[in-house]
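Let's take a walk through this structure together, starting with a pair of helices and then visiting a few individual residues. Keep the model open beside you as you read.

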Amino acid sequence: MKKNQSFVKRIISSKFLRVSVAALALAGLLAARIQSESAQVINSEDTSIENVTVTSGYVAIVNGEEVAIASESDALATAFVEAKDSMSLSLSFEEPELEIVEKQLASTDLEETEGDDLEQKMEQAILSTTECEEYIYNVTVSGEETYVFALSSKEEIEQALNAVIAANTEYDYCAVCEEDSDANISVSLEPSTSEETVKLELLTSISVEKVPASEGTLVSEAEAEELLTGQYSDPVSYSIQYGDCFSSVADAFGITVDELLAMNEDYTAGSILNVGDILTIENYEDIIQFRVTRYYSEEEEIPYETEYIENDEWYDNVSETVVEGVNGTKVIYYEEVIENGETVSLTVLSEEVAEEAVNEQIEVGTIETPTYKYPVSATITSYYGERWGRMHKGLDFGVSVGTSVYASRGGTVIRASWYSDFGNCVEIQHSDGSVTRYAHLSEYAVSVGDVVSQGDLIAYSGNTGNTTGPHLHFEILINGVQVDPLLYLTK
C-alpha cells in the first residue's frame with residue numbers, strides 16, 4: 001500500500017498542480033479579457049494583435065473540481081470513460097462523479113485545450129480526488145490441502161506455475177492466465193511449441209481473483225514457486241500382520257527403516273512389533289498435480305499362420321514345408337492417460353499394417369500311418385546305418401536260438417524259406433505294399449499265403465545264413481527300399 005500511496009502522491013503533486021494552475025489562469029484570463037464580443041490582445045512574442053471572441057464551450061467537473069474544457073461535451077464524456085477503463089486495469093477506486101457544464105469561453109482558450117490529452121486530464125483528476133488502490137491477484141490452490149496467497153500480476157502467477165511445470169514434468173508447456181471483459185481470470189496450460197504427442201492439464205484446481213491490495217496477502221514470486229513446487233503429507237495407517245518387521249514394512253512402502261522410525265517416534269529399532277500394531281506411513285504428494293495424455297505408437301510383430309495342404313498319397317507322418325512363414329509388422333497407436341505419475345488408462349486408438357505376414361504352407365499326408373510292433377523283446381545289438389564299411393539295412397536283436405518271433409504288423413506271408421545270406425527267412429506283405437522281413441530263423445510257424453495279424457507267432461530265432469552268432473535280423477521295406485525301422489516301430 002505504501003508504494004501505491006507514494007505513486008498516487010507523485011501524480012497529484014506533479015500533474016494535478018498543472019490542472020490547478022491552468023484553472024486559475026483561465027479564470028484570470030476571462031476576467032481581464034472578456035468585456036465584449038470582440039477585444040484586442042497583444043501577443044507577448046510578436047506584439048501582433050489578435051481577435052478574441054467569446055463562444056459556447058463545456059467544462060468537465062470531476063468530484064467537484066473543474067479539470068478540463070472542450071468545445072463538445074461528447075469529447076469530455078468519452079475521455080472520462082476511457083480514463084476510468086484504463087485505470088481500472090491496475091487500480092481499485094470508487095466510482096467518480098462527472099458533471100459537464102456549458103459555459104461561455106474564450107475562443108483562444110478552447111484552441112489551446114482542444115489539443116490537450118483529455119484522457120490524461122481525467123486520469124489526473126480521478127487520482128487527485130479519489131482514493132485509489134492497486135489490484136493484486138489472489139490465488140487459491142485447492143486439493144487435499146488448500147493454499148491461498150497473492151501475487152502482484154498475472155505474469156508472476158504464470159512464472160510461478162512455469163517453475164512447477166519445469167520441476168515436476170518433462171514437457172514443454174507454459175501456464176497462461178487470461179482475463180475476460182468481466183475480470184474473470186482463467187488458468188490453462190498451453191504447449192510452448194506445436195506439441196501434438198502430449199497434452200498436459202492441471203489436476204489441481206487453481207482459481208485466481210483480482211482484488212484490491214488490502215484484501216490479499218502478497219508474497220514474492222520466489223515464495224510462490226517454493227510453495228507450489230512443494231509437497232503435502234497424506235499419511236497412511238498400516239496394521240502389523242503376522243511375520244512383519246520394520247524392514248519388511250519399510251520395503252513395502254519404498255522407504256528406509258530410519259525413515260519409518262522417524263515417522264513413528266514411539267518405536268525404536270529394538271521395539272517388538274505385535275500383530276495389530278499401527279504404524280503411520282507419511283505419503284508425500286505434489287501440491288500441484290498434473291494429468292498427462294500421451295499419444296504414441298509402437299511397432300509390433302504380426303505372427304504368421306500355418307496353412308496345411310493335404311496329400312492323399314502320403315502317410316500322415318510325412319510332411320514337407322512348401323512356403324516358409326515370415327512374420328509381418330504393424331504400428332499400433334496408443335493413448336495413455338497418466339495422473340500423478342501413474343497410468344490410469346491405456347487405449348488403442350488404431351492399428352496400421354506396415355508389412356503383411358507371409359503364411360507358412362506345409363504339405364502333409366492323410367493316409368493313417370501304419371504301426372509296427374517290435375518282433376521280439378530284446379536288446380538291439382546293431383542299428384540301421386553304416387557298419388563295417390557297408391550299409392546295414394535293418395536292426396539286429398540279441399536273442400538266443402529258439403526265441404519266439406512275432407509279426408510286427410498284420411498281412412500276408414509271401415516268403416517262408418531260405419533266402420541267401422538271410423538264411424531261413426519270413427517276409428510279410430502289408431495292405432499298403434510295405435514288407436517286413438525276419439531273418440536267420442531256426443524254424444517257421446507260418447507258410448506262404450497265410451494271413452497273420454499283428455503280434456501272431458510266425459517263427460523262432462536262430463543262427464542260419466551269414467551270421468556271427470544267434471540273433472534276429474529285422475527289416476521294413478517301403479516301396480521295395482529298406483528304411484530305418486526305428487522311425488516306424490512302436491512299443
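Start with helix H5, which passes helix H6 in a right-handed crossing; a crossing is right-handed if the near helix is turned clockwise from the far one by less than a right angle, and left-handed if anticlockwise. The contact is made by Glu156, Gln159, Ala160, Leu161, Ala163 and Val164 of H5, together with Glu221, Ala224, Glu225 and Leu228 of H6, where contact means heavy atoms within 4.5 Å. Six of these residues are nonpolar, one is polar and three are charged. In that grouping, Ala, Val, Leu, Ile, Met, Phe, Trp, Tyr, Cys and Pro count as nonpolar, Asp, Glu, Lys and Arg as charged, and the others, Gly among them, as polar. Two packed helices are described by the angle between their axes and the distance between the axes. For H5 (residues 154-168) and H6 (residues 221-228), the axes come within 9 Å and cross at roughly 35 degrees. Axes here are lines fitted to C-alpha atoms, for helices over the stretch in contact, and angles run from 0 to 180 degrees between N-to-C directions.

A word on the model itself: it is predicted, so local features need pLDDT of at least 70 and side-chain atom pairs count only at pLDDT 80 or more, while totals for chains, interfaces and linings use all residues. Residues are numbered from 1 along each chain as its sequence is written, and side-chain values use heavy atoms, with hydrogens and water left out.

Now step back to the whole protein chain, which has eight helices and 36 strands. Helices (H or I, at least four residues) and strands (E, at least two) are DSSP runs, numbered from the N terminus. Of the 491 residues, 36% count as buried; buried means under 20% relative accessible area, exposed over 50%, and partly exposed in between (1.4 Å probe, protein chains only).

Next, look at helix H4 (residues 118-129). Among its buried residues are Leu118, Met122 and Ile126. At the start of H4, a side-chain oxygen of Asp117 reaches to within 3.2 Å of the backbone nitrogen of Glu119.

Two loop residues come next. Ala407 sits in the loop between strand E28 (404-406) and strand E29 (411-418), and counts as buried at 1% relative accessibility. What does Ala407 touch, leaving aside its neighbours within four places in sequence? Its contacts include Ile428, Tyr438, Val452 and Asp456. Ala407 and Asp456 are 49 residues apart in sequence, yet 5.4 Å apart in space, C-alpha to C-alpha. His430, in the loop between strand E30 (424-429) and strand E31 (435-444), is also buried, with a relative accessible area of 5%.

Lys210 is found in strand E12 (residues 205-212) and is buried, with a relative accessible area of 15%. Its side chain joins that of Glu179 in a polar contact of 3.2 Å; a polar contact is a pair of N or O atoms within 3.5 Å, and within protein one must be able to donate a hydrogen and the other to accept it, with residues adjacent in sequence counting only if both atoms are side-chain atoms. Glu339, in strand E20 (residues 328-339), counts as partly exposed at 26% relative accessibility. The side chain of Glu339 makes a polar contact with the side chain of Arg291 (3.0 Å).
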